[in-house]
Amino acid sequence: MIASDEPVDIILHDIDVYITPFQKKILEDDQSFFFYMKRKLYASPTYIKEYGDPKDIDDLKNHRLVIMDTINPFVFNMEWILTLGMEEGKLMTPVFRTSSFEALVEFVSDGLGIMSCYDEFDLLEKQNLVHIVPGVVGMTINVDLLSPRYLKDDEEVTKFIEYLRKKITKTTG
């Protein structure tokens, strides 16, 4: 298993199946759409009780925002939440920045503020975070499944890909 925020050469690393939102189409690979993720806003019931439930983008200016801080060019714009309702080129000031996704979720679940996150993370549900301002959806990203073309007819790889597709269909609808 290789975990990386950057594109990976699946042939060089001898990878049979690779799931990624970052990979560009490569001729030697068999690449197909796997699922998509939508960036949404989340807060804890504790936060909503103390600070209220924002009703629209303009209302976010009166709320506490918590963001992921990253400089990795392969990770999508983590600051988009700071641009909501602002003039072009201006950003809201977050109350907290962290480089750890787990810390971000923990802080938000403790009522520190509002975060943006892709909707496919089960940690959101486990921490009882609530999707807020339903009309606000950030970037939607396609997650692709890749495997080297020479494994296209490999029975084990084919069965594994079918298994993954069945699992993701059950969780994403």
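Me: Where is Leu65 found?
Reply: Leu65 sits in the loop between helix 1 (45-51) and strand 3 (66-68). Helices (H or I, at least four residues) and strands (E, at least two) are DSSP runs, numbered from the N terminus.

Me: What sort of model is this, and how are residues numbered?
Reply: This is a predicted model, where local features need pLDDT of at least 70 and side-chain atom pairs count only at pLDDT 80 or more, while totals for chains, interfaces and linings use all residues. Residues are numbered from 1 along each chain as its sequence is written, and side-chain values use heavy atoms, with hydrogens and water left out.

Me: Back to Leu65. Buried or exposed?
Reply: Leu65 is buried, at a relative accessible area of 1%. Buried means under 20% relative accessible area, exposed over 50%, partly exposed in between (1.4 Å probe, protein chains only).

Me: Which residues does Leu65 touch?
Reply: Leaving out residues up to four places away in sequence, Leu65 touches Ile81, Leu82, Met92, Pro94, Val95, Phe96 and Ile114. Contact means heavy atoms within 4.5 Å.

Me: What separates the C-alpha atoms of Leu65 and Gly113?
Reply: A distance of 5.2 Å. Along the chain, Leu65 and Gly113 are 48 residues apart.

Me: New topic. How many salt bridges are there?
Reply: Three. A salt bridge here is a side-chain nitrogen of Lys or Arg within 4 Å of a carboxyl oxygen of Asp or Glu.

Me: Which residue does Glu155 pair with?
Reply: Lys159, with the closest N and O atoms 3.2 Å apart. Glu155 and Lys159 are four residues apart in helix 5 (residues 155-172), so about one helical turn separates them. Glu155 is exposed, at 54% relative accessible area.

Me: And Asp53, what is its partner?
Reply: Lys55, with a closest N and O separation of 3.9 Å. Asp53 counts as partly exposed at 30% relative accessibility, whereas Lys55 counts as exposed at 63%.

Me: What about Asp58?
Reply: Asp58 forms a salt bridge with Lys61, the closest N and O atoms being 3.9 Å apart. Lys61 is partly exposed, at 43% relative accessibility.

Me: Switching to helix 3. Which residues are buried?
Reply: In helix 3 (residues 101-109), they are Leu104, Val105, Val108 and Ser109. They cover an arc of only 125° around the axis, so they lie on the same side of helix 3. The arc is that of the directions from the helix axis to the C-beta atoms.

Me: What follows helix 3?
Reply: Gly111, with a positive phi near 95°.
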